[in-house]
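Here's a walk through one protein model, written for someone who likes to know the cut-offs behind each label. Have the structure open while you read.

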Amino acid sequence: MQTAIEALRVSMSRVEHLGGLYDALSSLTTRAVDASDLLRAQIVLGVSAMDYYVHEVTALGMVAVFEGKRPPTQAFLKYRVSVGAISAGASTSNSSWFEAEVREGHSYLSFQQSEKIADAIRHFTDVKLWQEVAAKMATPEQTVKDHLKLIVDRRNKIAHEADLDPSFPGARWPIHVGDVEHSLRFLKQVCESIHATIT
């Protein structure tokens, strides 16, 4: 599972570098050049990094359960695999077929909202995820969930609605460096706390 958290750290580092690019571009140009889309890209890519982390750690955790390295959970026992995958698995002694099946099954899902993240994690551990994460973050559980929802909602406005404010046609929602930096720190803290909880 270490590869999942390392991939997250690399991804978040790249996302943070966009902030430096925003600062450099803003200092070299006039206000006529709007570099705020770099900040919007940071939000989208930060949430994407978290989503990817949850996908990765879930696949690795489920493989660990399949290989007998972790105890099975109810969610794991109810997980469905195709007959084709079982047929392929019957002819091999490793778990690669199972990992491929999990990755394929989860490829259509997004793990961004708190309940979806918890559903994914339940496939390999019965830990009370958000209770534990909130304790590690020294923040009330509902506050952690609400803050995550706000960041994901903003990501959705950017990715699916061009970040346009319906109250002012043609105008985008304002975005500020401090808010973006805070959101990225929060996403990293959430993922690090999830990792500390499940490992």
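One term first: buried means under 20% relative accessible area, exposed means over 50%, and partly exposed is anything in between, using a 1.4 Å probe and protein chains only. Now the ground rules. This is a predicted model, so local features need pLDDT of at least 70 and side-chain atom pairs count only at pLDDT 80 or more, while totals for chains, interfaces and linings use all residues. Residues are numbered from 1 along each chain as its sequence is written, and side-chain values use heavy atoms, with hydrogens and water left out.

**Overall picture**

The protein has nine helices and zero strands. Helices here are DSSP runs (H or I, at least four residues), strands are E runs of at least two, and both are numbered from the N terminus. The C-alpha trace spans about 65 × 35 × 30 Å along its principal axes. Of the 199 residues, 41% count as buried. The protein exposes about 10900 Å², and carbon and sulfur atoms supply 56% of that; the areas come from the Shrake-Rupley method with a 1.4 Å probe, and for residues only the protein chains shown count as cover.

Contact means heavy atoms within 4.5 Å. Take the contacts between residues at least 6 apart in sequence: 72% of them join residues at least 24 apart.

**Charges and salt bridges**

There are 21 positive and 24 negative charges, and their mean positions are 3 Å apart. Lys and Arg count as positive and Asp and Glu as negative, while His and the chain ends are not counted. Each charge is placed at NZ of Lys, CZ of Arg, CG of Asp or CD of Glu.

A search of the whole structure turns up 14 salt bridges, each being a side-chain nitrogen of Lys or Arg within 4 Å of a carboxyl oxygen of Asp or Glu. Here are three of them:

| Salt bridge | N to O distance |
|---|---|
| Arg-172 and Asp-34 | 2.5 Å |
| Lys-69 and Glu-67 | 3.0 Å |
| Glu-132 and Lys-136 | 4.0 Å |

Which parts of the chain does the salt bridge between Arg-172 and Asp-34 link? Arg-172 sits in the loop between H8 and H9, and Asp-34 in the loop between helix H1 (2-28) and helix H2 (36-66), so the pair ties together distant parts of the chain, 138 residues apart. Arg-172 is partly exposed at 30% relative accessible area, and Asp-34 is also partly exposed, at 47%. Both belong to a network of salt bridges that links Asp-34, Asp-37, Arg-40, Arg-154, Asp-163 and Arg-172.

Glu-67, with 40%, is partly exposed.

Glu-132 and Lys-136 are four residues apart in helix H7, so about one helical turn separates them. Glu-132 is partly exposed at 30%, and so is Lys-136, at 42%.

Is Asp-51 buried or exposed? Asp-51 lies in helix H2 and counts as buried because its relative accessibility is 11%. Leaving out residues up to four places away in sequence, Asp-51 touches Ser-110, Phe-111 and Gln-112. Asp-51 and Leu-8 are 43 residues apart in sequence, yet 9.4 Å apart in space, C-alpha to C-alpha.

Thr-125 is in the loop between helix H6 (114-121) and H7, and at 13% relative accessibility this threonine counts as buried. The side chain of Thr-125 reaches the backbone nitrogen of Val-127 at 3.3 Å. With residues up to four places away set aside, Thr-125 touches Arg-70, Thr-73 and Ile-198.

**Two alanines with positive phi**

Most residues other than glycine have a negative phi. Ala-138 has a phi near 55° and lies in the loop between helix H7 (129-137) and helix H8 (141-161). Its relative accessibility is 72%, so Ala-138 counts as exposed.

Ala-162 also has a positive phi, of about 55°, and lies in the loop between H8 and helix H9 (177-198). Ala-162 counts as partly exposed because its relative accessibility is 46%.

Note on methods
Polar contact = N/O pair within 3.5 Å; in protein donor to acceptor, adjacent residues only side chain to side chain.
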